[in-house]
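Visitor: I have a model open here and would like to talk through how its pieces pack. Could you walk me through it?

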Amino acid sequence: MDISDLIACHDCDCLQRRVPLPLGGAARCSRCDALLYRSCRGGTQKTLAYTVAALFLFLIANIYPIAGIEVQGNRQVASLYDAVSLLWEEGHPEVAVLVGLTTMITPIIQIGLVLFLLVPLHFNHLIQGVVPVLRILETVRPWSMMEVFFLGVLVSLFKLEQLARVEMGIALWAFAAMIPLLVAGAMTFEPDEIWEQVSSLS
Amino acid sequence: MTDGTMTAAQLGFYGCLICHRVTECTTGDITARCSRCGALLHRRKPNSISRTWALLLTGYMLYIPANVLPVMHTGSLFTSQSDTIMSGIVYLWTSGSWYLAGIVFIASIFVPAAKLAILTFLVISVQRRSTWGRLDRTKMYRVVEFIGRWSMLDIFVVTILVALVRLQSLATISVGLGAVAFGTVVVLTMFASMQFDPRLIWDLQAEERSLQGNNDGHS
């Protein structure tokens, strides 16, 4: 038996034989039910489409203000960058770094690397740096917290609504539209298929 | 063997946690690399138990200031007020936003506490070589990995409040030390769940089996 036909479950180390999947199917560990790998219908194409759309929305979400408040004629708006830089200036660089990493840097790394990987693949061309790219993607994945941030913005706006007139910014709508796209992109992105292509080439 | 399962480690195979390729390994932990992606391979995550404990204990220590110290200072012309996480939730509750209070309670109080408790339980159960509910414990681990990120909610709430209510004649809001402690707890528990190796939950079963196998061979 060829060793490349085997897969060890990442959660319980149970050794199993790889089986070809029908389109849209998923292979689960026979012992602990962990998701081992999937076969996505038109996976790469869909991921590419979702990610390109998410990139544009990400740019909008970072350039435009998230929200504004108006108190006694004073208007105050803030973008994501304003929020992070204000934390830094106020003497909390560690919180600023945490917020910046989870809402700006990690998501743009994810979007950028997925495009770097999938655009050449779309034209049937496997790029050289595919191994480090997939490894970085795997490492940064838990630190992208767009959807948590979005919920946080909503909670804070509800709180402020009792004190002042709150207006929602363009970036907030961009966030709202981007999150389903990022989720859909992650759902259709199957690194296992790309890894299989890597090993078939080498 | 009762259900015909073998672990990769029993056969001298190491599964790569990055690309999931199985590599045969004879040299031991130190030099093993994945044959496909070149990642460092380990039979199990190195020093998983002690590293998880170290991160958890630090998390517990910071959990106290995270909940006792104010996460936010609000100052206006006439009054100033400091809010802890809990007092913020109470404020939301008494002002009638019950569902909002519920969301913040789950994300900021329940999730961090549940994460610390579940990870502690998992580490202790592995140390005591427990055989109870392996599948259930593996699922608990997956829940911890899934919910961990949501406790960042309060940090983001404070961030936006600070950004919007600055330089106002009405009020100023600034970040409290509690938020720093709270953010650190979230990061520490995320690292703790990454360091914990769920395969340890199943390892005892594998050892028992291989012992049984050896005995059968001798008799």
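Visitor: How are helix 3 and helix 4 of chain A oriented to each other, roughly parallel or roughly antiparallel?
Guide: Bearing in mind that this is a predicted model, the axes of helix 3 (residues 93–122) and helix 4 (residues 130–140) of chain A come within 10 Å and cross at roughly 150 degrees. Angles over 145 degrees count as roughly antiparallel, and the two helices of chain A are therefore roughly antiparallel to each other.

Visitor: And which residues make that contact?
Guide: Helix 3 of chain A contributes Thr106(A), Ile109(A), Gln110(A), Leu113(A), Phe116(A) and Leu117(A), while helix 4 of chain A brings Val130(A), Val133(A), Ile136(A), Leu137(A) and Val140(A). By class, that contact has nine nonpolar, two polar and no charged residues.

Visitor: Switching to the two chains, how many residues does each put into the contact?
Guide: Chain B and chain A each give 52 residues. On the side of chain B that touches chain A, helix 5 gives the most, with ten residues, and by class that side has 34 nonpolar, 13 polar and five charged residues.

Visitor: What about the sheet in chain B, in what order do the strands come?
Guide: Three strands of chain B form an open, antiparallel sheet in the order 4-3-5. Strand 4 (80–83) and strand 5 of chain B stand at the edges with a single partner strand each, so one side of each has no neighbour in the sheet.

Visitor: Which helix packs on it?
Guide: Helix 5 of chain B does, touching strand 3 and strand 5 of chain B, and its direction makes about 145 degrees with that of strand 5.

Definitions and conventions
Residues are numbered from 1 along each chain as its sequence is written. Chains are lettered from A and ligands numbered from 1 in the order in which they are written. This is a predicted model: local features need pLDDT of at least 70, side-chain atom pairs count only at pLDDT 80 or more; totals for chains, interfaces and linings use all residues. Axes are lines fitted to C-alpha atoms, for helices over the stretch in contact, and angles run from 0 to 180 degrees between N-to-C directions. Helices (H or I, at least four residues) and strands (E, at least two) are DSSP runs, numbered from the N terminus. Angles under 35 degrees count as roughly parallel, over 145 as roughly antiparallel, 65 to 115 as roughly perpendicular and the rest as oblique. Two residues are in contact if their C-beta atoms, placed from the backbone, lie within 7 Å. Ala, Val, Leu, Ile, Met, Phe, Trp, Tyr, Cys and Pro count as nonpolar, Asp, Glu, Lys and Arg as charged, and the others, Gly among them, as polar. Two strands pair if DSSP finds at least two bridges between them.
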